[in-house]
Amino acid sequence: MMAIIDGMRSMLTGHWFWGAVTLVCLTWYSTVTVYVAIKGAGDIRRMLRRLSEANEEGR
Amino acid sequence: MNGFTFLDGGIVGIYLLVTMVVGIAIRRYVGRVEDFLVARREMDVYLGIASLAATEFGIVTCMYAAQNGFEKGFAGAVPGLLTFAAMFLVGWTGFCIKPLRDSGVMTIPELFEKKYGSRVRWAAGVVIVLGGLLNMGVFLRTGGDFLVSVAGLNPNYLEYMMTGLLVGVAVYTILGGMLSVLVTDYLQFIVMSAGLIVTTFLILSKVGWGTLVETVETNYGAGGFNPFRNDTMGWSYVVFNILLNTAAVLTWQTQIARVLSAKDSRIGRMVYTRTSFFFVARWLIPGIWGIAALALLTPEQIGGSSLLAMPRLLGMIVPAGLMGLLIAAMLAADMSTDSSYMLTWGGVIYNDILAPFRKTKWSEKRGLVWNRSIVALIGVFLLIYGLWYEIEGDLWTYLGITGTIYLSSMSVLLIACCYWPRANNWGATAAIVCGAAVPVTTLVLQKVGPWTEWIKGNGALCGIAAYVIVALSMVVGSLLKPQPQVVAEGVPA
């Protein structure tokens with residue numbers, strides 16, 4: 001844990017801008033991947049259900 | 001070189017099998033051309049985010065972003081920051097994309113017909129396809145180079161491997177159209193993101209942030225962190241990338257297809273704002289991989305190719321098991337990009353270039369057959385062009401110049417179409433001709449003539465010139481066309 005905190009601290013010293021952007025980027029991307037994976041599955045289910053219903057009505 | 005083990009092969013095999021089965025299974029939902037091209041406009045926010053992110057990150061993206069990191073340091077990720085800003089602002093304000101989606105069209109040229117007439121629609125379709133096909137033509141070989149370098153495969157198998165991959169992608173794209181593309185993009189987004197994140201943490205733990213910063217400082221000094229102080233970038237590079245990325249956000253076929261497939265303009269705008277930060281990751285993550293290659297590899301290991309430095313590094317440091325995930329991630333990235341490119345450019349060929357040949361309304365069945373045939377033909381083109389064209393200069397500049405063939409004119413046409421009442425077909429025609437002429441001339445002059453070296457070193461200036469000339473052409477052309485005489489208020493003579 002301390003190693004991780006030390007690593008993050010080193011990223012924010014010196015050329016702090018790119019260190020901060022990298023930290024935000026990795027945190028954001030890891031979180032969004034999980035969130036989109038969960039919510040996207042719901043989107044697909046609903047989209048395919050609506051398409052099935054529309055196809056049924058069209059017949 | 002760690003090589004590619006049976007465990008890695010198993011991971012890749014399972015990924016490919018699941019993708020193909022899902023992609024092909026979706027075909028049963030496709031009954032109309034609208035299903036095939038824009039998923040019957042049923043795409044919601046999170047599926048849109050996954051699809052847009054997966055499409056916009058291919059192996060070719062990873063390669064040119066890593067090459068930028070290798071050659072320019074952290075400053076090489078600046079195009080990602082600029083794309084983020086452009087996409088966020090466009091999504092937040094709805095600039096152009098709101099009127100575009102609200103119009104109910106399936107492609108941008110279809111909107112142009114309402115303002116500029118059918119000839120401009122056709123010409124716009126031709127320019128979009130020309131620029132898009134030249135752009136995507138390099139995807140296959142670049143992707144193959146990556147896979148061969150990372151996995152330590154025999155280069156003689158590159159063509160066969162990429163042909164097999166393209167055939168697989170073409171099969172589910174031809175059968176399921178945008179619906180298959182969206183669903184497979186979702187799977188590919190998850191696999192791709194997992195691979196990218198895990199590999200980045202591996203590299204950071206093995207190389208260390210301090211080493212990365214020190215490497216950039218040693219090799220590029222302040223220019224490795226600040227684009228304005230970098231000899232190979234400077235203001236022209238930044239300005240060109242602002243223009244290029246804004247134009248791409250507004251008109252790049254694969255991006256705008258997500259807006260047009262969205263349920264409404266509100267969803268389309270949300271997809272843009274919420275995906276925008278992904279473009280920072282899209283440039284920074286491979287950029288860090290490229291810097292790590294610069295830090296760890298010797299000149300002999302790099303072998304004179306900055307493009308292949310990053311895959312060679314990955315081949316050396318990624319362990320078995322994780323190698324399978326990485327290859328699956330990169331295949332996912334490439335497949336989602338290829339499928340979407342084939343489909344969305346095929347859509348323009350069908351919807352706009354073939355429009356004059358559809359004097360009477362075609363049946364849905366006939367329309368689907370044509371769309372599927374066009375996607376198959378684009379696949380054949382990709383195979384042929386991708387195997388013989390050799391790029392001059394760096395990959396990102398090549399993609400920028402070929403993309404500018406249509407990005408410059410289409411973005412100007414779209415902005416004028418939405419917000420300048422005086423814009424007309426004279427201006428639009430002039431903009432299209434100039435927008436194609438400048439980048440094509442640049443591509444030719446890169447190969448022949450006395451200015452090849454200057455052109456190769458000043459690609460960004462040529463790109464800026466294209467946008468300025470196109471905007472002026474639109475304004476001058478539109479103002480030159482005589483206005484209809486008005487004899488009474490609102491009634492043309």
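Is C96(B) buried or exposed, and how many other C-beta atoms lie within 10 Å? C96(B) is buried, with 22 other C-beta atoms within 10 Å. This is a predicted model, in which local features need pLDDT of at least 70 and side-chain atom pairs count only at pLDDT 80 or more, while totals for chains, interfaces and linings use all residues. Residues are numbered from 1 along each chain as its sequence is written, and chains are lettered from A and ligands numbered from 1 in the order in which they are written.

**View 1. C96(B) in the loop between α5 (78–93) and α6 (97–102) of chain B.** The phi of C96(B) is near 70°, a positive value in a residue other than glycine. A residue is called buried if 20 or more other C-beta atoms, placed from the backbone, lie within 10 Å of its own, exposed if 12 or fewer do, and partly exposed in between. Helices are DSSP runs of H or I with at least four residues, numbered from the N terminus.

**View 2. R41(B) in the loop between α2 (33–38) and α3 (45–55) of chain B.** R41(B), although not a glycine, has a positive phi of about 55°. R41(B) is partly exposed, with 19 other C-beta atoms within 10 Å.

**View 3. The contact between chain A and chain B.** In this view 27 residues of chain A are in contact with 27 residues of chain B, contact being defined by C-beta atoms, placed from the backbone, that lie within 7 Å. On the side of chain A that touches chain B, α1 (2–11) and α2 (16–58) of chain A each supply at least two residues, and the largest share, 22 residues, comes from α2(A).

How values were computed:
Two residues are in contact if their C-beta atoms, placed from the backbone, lie within 7 Å.
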